[in-house]
Amino acid sequence: MATPLRRVAVLGGTRIPFARANGAYNEASNQDMLTAAMSALVGRFQLKDKKIGEVAAGAVIKHSRARFQSRESTLGSGLDPTTPAYDLQRACGTSLSAVAQLANRIALGEIDSAIAGGADSASDIPLGYGPKLQKAVLKMSRGRTFGEKLSTIGSVRLSDLKPTHPGIAEPRTGMSMGQHCEEMAKEWQVSRREQDELALASHRNAAAAWKSGFFDDLVIEFSGLKNDNNVRGDTSLEKLASLRNAFDPSPAGTLSAGNSSPLTDGASCVLLASEDWARSHDIPMQAFITHTETAAVDFVGMAGPKEGMLMAPAYAVPRMLDRAGMKLQDFDIYEIHEAFAAQVLCTLKAWESEKFCKEKLHRSALGPIERSKMNPKGSSVALGHPFAATGARIVATLAKQLAERGAGRGLISICAAGGMGVTAILER
């Protein structure tokens, strides 16, 4: 007889303040940031020297020397060193994917508790060198005599020393996320004003959340920084409208630095557990993870007409809703990751479009959502977006909101590079 699935609870999360790249965390590594966030979580829930079932975390921008990042951060967090850990990566959906994987293990009874997280530094980027220098260095290391090593050095030219760094362009198109999103904005006729209005709401909601103390137990001081330093509660539509186009300099361009998420450094973690484990440790349960889903779109056009690169959540959410037996309007809170304001607006328009839903989803339109319920504590345009850390940030934020309400449902939607999307439902 199959063992019944167990409910998986979100107990809470911690993160360090999110900082604009090349600023407050200029000297911090992914491991430094992830260890700080995880250590704070361990301290908050009195887990020092205790073994939990598993840790899963990742980073998108990663040095080769950080191949054991999650395990090393686990060892530095104060947890019992016999706690296993592993790395994963799904671009901007990394830590929500970690939540989903660990939740499945808890639901199946394989483990009772887990920490999911992510960290990314856009400041501490790995530099590489061309294949000629790489081959020369490897050949030199194999040289048996000084003469052999010296002859190898002599073959290196000055041009071979030019470093390369990770790009943000999609490998198959050579276009950045912003350029792809500009295409989406044109296709869905999303105006600059609509994007600026969404960005303004994100900044105002985030500033209000900070002022109210909402983030006080979710965010710990790190490297002298106490608050997210991208939030601009005093911005205005006029200020946002004055910014030049960021990805399409022509009059047709609509994306700017003001309505796009900034390059950001940061880390976040969230604690998951079975109901029995939570009760045995006397830790209140904030919410339960009830459904997750992933999707991918053909944004290259390899098998037919190409899709918008960041449109995968438009497919993942309806599938998840159908499996859950819910409608898009059945939620009290919508946490939709703001990679770009335009991406959020394109997704919302897709769900409202009878044509899109009939042709692409083979169903009737999902309809609109109540905008006042969307990202009530701000999202990535205002708070920042350290790629792998965003999912855990959203899960912790949503779970706390549901706990404060005492009941309700929340929808999470995250677009990711590579034409992917990761979504989830939390309930209380």
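Begin by selecting Tyr25 in this predicted model, and notice that its relative accessibility is 0%, so Tyr25 counts as buried, the limit for that word being under 20%.

A pair of aromatic rings is described by the distance of the centres and the angle of the planes. The structure holds 7 aromatic pairs. In the pair of Tyr25 and Phe222, the ring centres are 5.1 Å apart and the planes stand at 70°, so the arrangement is edge-to-face, a term used for angles over 60 degrees. If you now colour the chain by position, you can follow how this pair links distant parts of it, 197 residues apart: Tyr25 belongs to the loop between strand E2 (19–20) and helix H1 (30–44), while Phe222 belongs to the loop between helix H7 (192–212) and helix H8 (237–241).

Next, select Trp188 and Phe356, another edge-to-face aromatic pair, with 5.7 Å from centre to centre and 70° between the planes. Because Trp188 lies in the loop between helix H6 (177–187) and H7, and Phe356 in helix H12 (residues 354–360), the pair ties together parts that are 168 residues apart in sequence.

For the last stops, turn to charges over rings. Select Arg7 together with Phe288, where Arg7 lies over the face of the ring at 3.7 Å from its centre; then select Arg15 with Phe215, where the charged end of Arg15 sits over the ring, 5.3 Å from the ring's centre.

Terms used:
Residues numbered from 1 in each chain as written. Predicted model: local features only at pLDDT ≥ 70, side-chain atom pairs only at ≥ 80, totals over all residues. Heavy atoms only, no water. Phe/Tyr/Trp six-rings, centres within 6.5 Å; stacked < 30°, edge-to-face > 60°. Helix = DSSP H or I, 4+ residues; strand = E, 2+ residues; numbered from the N terminus. Buried < 20%, exposed > 50% of the residue type's maximum accessible area, 1.4 Å probe, protein only. Lys NZ or Arg CZ within 6 Å of the ring centre and 35° of its normal.
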